[in-house]
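Biologist: I would like to go through some labels and ask what stands behind each of them. Please show the structure.

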Amino acid sequence: MRFWKQLIGVALVIAGALFLIVAFLAGWTSSNLVLLWGLFVILIGLILHVKYAKAGEKY
């Protein structure tokens, strides 16, 4: 189960990056809300990945 939790964080980072790429290609970059949503998804994914990676470490 722990492995899947780490993948959720990475998946969110990839999804956020793909969303920003699609937004750029579609010309949606005139709205800050679209860009901030992509950034928010990436940051949440990064936080979750670090949180679950640290929780799974053995010192």
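Biologist: Why is Ala11 called partly exposed?

Modeller: Ala11 has a relative accessible area of 43%. Buried means under 20%, exposed over 50%, and partly exposed in between (1.4 Å probe, protein chains only), so Ala11 is partly exposed at 43%. The model is a predicted one: local features need pLDDT of at least 70, side-chain atom pairs count only at pLDDT 80 or more, and totals for chains, interfaces and linings use all residues. Residues are numbered from 1 along each chain as its sequence is written, and side-chain values use heavy atoms, with hydrogens and water left out.

Biologist: Why is Leu25 called exposed?

Modeller: Its relative accessible area is 68%. Exposed means over 50%, so Leu25 is exposed.

Biologist: Where is Leu25 placed?

Modeller: Leu25 lies in helix H1, residues 2-26. Helices are DSSP runs (H or I, at least four residues), numbered from the N terminus. Ala11 is in helix H1 too.

Biologist: What makes Leu43 partly exposed?

Modeller: A relative accessible area of 40%. That value falls between the 20% and 50% limits, so Leu43 is partly exposed. Leu43 belongs to helix H2.

Biologist: Which residues of H2 are buried?

Modeller: Val34, Gly38, Val41 and Gly45 are buried in H2.

Biologist: How do you know that the span of H2 is close to the expected one?

Modeller: The expected span is 1.5 Å times one less than the number of residues. Helix H2 (residues 32-56) has 25 residues and reaches 36 Å from first C-alpha to last, close to the expected 36 Å.

Methods
Helix = DSSP H or I, 4+ residues; strand = E, 2+ residues; numbered from the N terminus.
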